[in-house]
Amino acid sequence: MAREPKNDPTDRLLSLYEGMLTIRQAEERLKALFADGEVPGFIHLSIGQEAVPVGISASLGPADTVASNHRGHGHALAKGIDLDGFFAEIMGRDSGLCRGRGGSMHVADVSIGMLGANGIVGAGLPITLGSALAHKTRGTDAVAVAYFGDGALAEGVLHECLNIAALWALPMLFACENNGWSEFSPTDRQMKASLKDLAAAFSIPHVEVDGNDVEAVEAAAAECIAALRRGDGPRVLECRTTRVRGHFEGDRQDYRSPDELAGLAATDPIARCRARLAELGVDANRIDAIAEAIDRRVEQAVANARGAPEPSFAAAAADVYTAAEG
Amino acid sequence: MVETRYGKAINQALHDALAADPSVILFGEDVGEAGGPFKATRGLQEAFGAERVRDTPISEAAIAGMAVGAALSGLKPVAEIMFMDFVTLAMDQLVNQAAKARFMFGGRNSVPMVLRTPHGGGLSAGPQHSQCLEAWLAHIPGLKVVCPATPADAYGLLRAAIDDPDPVVVVENKALYALKGEIDDSPAAVPIGRARIARPGRDATVVTYGAALHTALQAADALAGDGVDVEVIDLRSLQPWDEAAVLASLSRTHRLVVLHEAVEAFGIGAEIAARMADVGFDELDAPIVRVGAPFMPVPFAGALEKAYLPAAADVVAAVRRTLE
Ligand SMILES: Cc1ncc(C[n+]2csc(CCOP(=O)(O)OP(=O)(O)O)c2C)c(N)n1
Ligand SMILES: [Mg+2]
């Protein structure tokens with residue numbers, strides 16, 4: 001996706017809209033593929049949360065790094081991961097970004113600074129910390145972003161990372177997608193302290209934003225990331241957002257109240273963005289054309305994945321270690 | 001050749017690696033200004049600065065995870081976990097992240113990190129500061145594990161580990177830091193995965209690694225007095241281990257004892273014995289005998305720990321069993 005910075009406010013918003021819609025349409029397609037048995041294993045969709053990675057990625061370049069979690073499709077796509085490799089990976093093909101060895105929870109492309117989704121809650125945090133340490137040690141102005149959910153607040157390693165990032169003034173953005181849920185339990189039954197409390201405990205500036213408002217996320221992230229690039233030390237960006245689907249596909253969500261479920265649609269960041277575009281006078285045809293173009297790219301990626309060979313077992317076995325030279 | 005000590009050789013290897021490659025950095029608890037809990041990093045912060053030789057908080061999960069992230073972002077980190085017992089706190093990053101990244105990323109990236117950590121008893125350090133947990137790590141596809149027994153190998157294996165594109169755990173032995181030995185004037189890396197014949201012999205083979213090498217050599221001396229000529233193989237690398245060298249020795253002596261300081265049950269010795277019982281079956285004139293620590297935590301009191309640690313007499317008895 002890697003968008004060029006746009007100066008015109010309408011163009012900028014259109015570009016954010018396109019970024020969110022790409023994630024949405026890719027995930028809607030995955031949802032259908034999963035239901036049809038073309039995606040094995042289990043997948044966690046970020047439908048409703050797209051504004052967070054898109055708003056943040058607007059301030060990121062290719063040298064910046066991100067690490068993600070189990071709900072990582074949006075993080076990867078917003079960082080500019082290749083759509084063909086993305087679909088092929090999740091569909092378990094040899095042309096997948098990870099040659100079919102990782103799947104949905106491990107989509108990665110280190111060459112564009114996407115250090116991997118992750119199956120272990122909280123595990124991307126110290127990896128991001130190390131990446132931020134590398135940026136600082138190498139004297140570049142690159143930054144490292146860790147995407148994590150509110151469920152990760154209860155993992156001890158987060159606390160270790162907040163401390164070290166603050167202590168060493170590392171260029172790390174702690175980007176929390178607070179959707180209120182830790183799997184099947186409300187997070188307020190698991191955490192006494194808030195992320196704001198934790199950030200304060202480690203003397204890290206904490207910014208809270210409506211994570212379903214892409215313009216608000218973009219603006220807040222831009223300020224945080226500018227501070228990181230200036231060498232001002234880490235920032236915590238807490239994005240209040242909404243998990244629309246179940247924890248994973250197939251989760252019937254019996255544990256959510258009918259009221260909550262009924263209210264989900266109203267939070268949609270994409271619908272909000274579209275309304276803003278209309279307010280700005282953007283022609284509906286122009287907006288619809290974006291969806292159509294994405295649809296064509298997604299369908300092409302799915303077709304390419306379907307046509308791609310199964311992964312090679314021998315190649316997988318040969319990649320446990322780097323081959324000896326010579 | 002010059003004489004040095006095991007700990008000094010580690011220090012020299014780190015020094016030479018830092019000097020040779022600006023992407024090498026060190027971090028761990030007290031490795032900087034204090035020079036390391038066992039003084040292995042003494043003087044390095046002074047020589048290379050606090051940016052490249054960093055004192056970390058007491059945060060083992062973050063230490064291991066930072067090594068992964070830094071390795072994926074252009075550096076060659078050498079992290080230290082103060083006692084091997086504390087790798088328990090770093091296991092997610094070692095097992096789920098470092099070990100699998102290359103495989104999971106489709107072979108497109110590797111994780112050139114090193115984790116140094118000392119194991120071993122004999123210092124009355126008690127149950128949580130003495131364990132030999134290397135078999136856990138050797139069991140994980142994607143990790144490499146080396147365990148030097150001499151100053152020369154402490155230097156050479158550490159240099160090889162830092163040069164290696166994959167994650168390598170360098171297991172040092174606390175009881176060996178003061179050990180003296182010869183090292184080349186300009187020492188080279190020791191290739192990972194190659195064993196060494198520490199003492200040639202004809203009658204039986206003792207395969208071992210780490211501090212137990214010295215126990216094996218004592219046993220070999222004792223047996224030599226009785227006319228039994230023992231070959232001692234120092235594995236040096238545990239994952240990968242030098243199966244060919246062990247098989248070659250077994251093919252000469254036809255008798256095999258495997259010795260380590262770690263708990264005998266489910267250990268490195270079990271793997272070696274099982275492989276040799278398979279690929280070396282036709283060469284064996286006696287059952288393979290393992291010598292290792294008993295199935296109990298490492299005890300504190302001197303008398304208890306002495307009884308716990310495998311001794312030369314145990315090795316002598318094991319070799320005699322293979323000669324019966
Ligand atoms: C270490 C670890 N513990 C538990 C799990 C199981 N698990 C996967 S996601 C999840 C909830 C995470 O919640 P949050 O971080 O808020 O992310 P969200 O699913 O809300 O996006 C749990 C408990 C896991 N994958 N890893
Ligand atoms: Mg959550």
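How many nonpolar, polar and charged residues does the shell around ligand 1 have? By class, the shell has 4 nonpolar, 7 polar and 4 charged residues. The views below come from a predicted model.

**View 1. Surroundings of ligand 1.** Ligand 1 is surrounded by 15 residues. The closest are A:His70, A:Arg71, A:Gly119, A:Gly151 and A:Asn179. An N or O atom in the side chain of A:Arg71 is 2.7 Å from an oxygen atom of ligand 1. A polar backbone atom of A:Gly119 is 2.8 Å from a nitrogen atom of the ligand. An oxygen atom of ligand 1 also lies 3.0 Å from a polar side-chain atom of A:Asp150. On its own, ligand 1 has 580 Å² of accessible area, and the protein covers 75% of this.

**View 2. Strand S3 of chain A and its burial.** S3(A) comprises residues 172-178 and is mostly covered, with 7 of its 7 residues buried. In a regular strand, side chains alternate between the two faces of the sheet. Here A:Met172, A:Phe174, A:Cys176 and A:Asn178 point one way. A:Leu173, A:Ala175 and A:Glu177 point the other way. The residues of both sets are buried, that is, under 20% relative accessible area.

**View 3. Strands paired with S3(A).** Strand S2 of chain A, residues 144-149, runs parallel to S3(A) and is joined to it by 6 bridges. Within this pairing, A:Glu177 of S3(A) has A:Gly149 opposite. S2(A), helix H6 (residues 156-167) of chain A and S3(A) form a β-α-β unit that is right-handed. Strand S7 of chain A, residues 235-240, also pairs with S3(A) in the parallel sense, over 6 bridges. A:Asn178 has A:Arg240 in S7(A) as its bridge partner.

**View 4. Strand S11 of chain B and its burial.** S11(B) spans residues 230-234 and is mostly covered: 5 of its 5 residues are buried. B:Val230, B:Val232 and B:Asp234 point one way from the strand. B:Glu231 and B:Ile233 point the other way, and these two sets are all buried.

**View 5. Strands paired with S11(B).** Strand S9 of chain B, residues 196-199, pairs with S11(B) in the antiparallel sense over 3 bridges. In S11(B), B:Val232 stands opposite B:Arg199. Strand S10 of chain B, residues 204-208, pairs with S11(B) in the parallel sense over 5 bridges. B:Glu231 in S11(B) stands opposite B:Thr205. The chain passes from S10(B) through helix H7 (residues 212-225) of chain B to S11(B), in a right-handed β-α-β crossover.

**View 6. Backbone details in loops of chains A and B.** The peptide bond from B:Gln239 to B:Pro240 is cis, with omega near 0°. B:Pro240 sits in the loop between strand S12 (237-239) and helix H8 (243-253) of chain B. A:Arg99, a residue other than glycine, has a positive phi, near 55°. This residue is in the loop between helix H4 (83-90) and helix H5 (124-137) of chain A. A:Arg99 counts as partly exposed because its relative accessibility is 26%. B:Ser124 also has a positive phi near 55° and is not glycine. B:Ser124 belongs to the loop between strand S5 (114-119) and helix H5 (134-138) of chain B. The relative accessibility of B:Ser124 is 29%, so it counts as partly exposed.

Note on methods:
Residues are numbered from 1 along each chain as its sequence is written. Chains are lettered from A and ligands numbered from 1 in the order in which they are written. This is a predicted model: local features need pLDDT of at least 70, side-chain atom pairs count only at pLDDT 80 or more; totals for chains, interfaces and linings use all residues. Side-chain values use heavy atoms; hydrogens and water are left out. Buried means under 20% relative accessible area, exposed over 50%, partly exposed in between (1.4 Å probe, protein chains only). Helices (H or I, at least four residues) and strands (E, at least two) are DSSP runs, numbered from the N terminus. Two strands pair if DSSP finds at least two bridges between them. A crossover is right-handed if, with the strands pointing away from the viewer, the path from the first strand over the helix to the second runs clockwise. A residue is near a molecule or strand if one of its heavy atoms lies within 4 Å of it. A polar contact is a pair of N or O atoms within 3.5 Å; within protein, one must be able to donate a hydrogen and the other to accept it, and residues adjacent in sequence count only if both atoms are side-chain atoms. Accessible areas come from the Shrake-Rupley method with a 1.4 Å probe; for residues, only the protein chains shown count as cover. Ala, Val, Leu, Ile, Met, Phe, Trp, Tyr, Cys and Pro count as nonpolar, Asp, Glu, Lys and Arg as charged, and the others, Gly among them, as polar.
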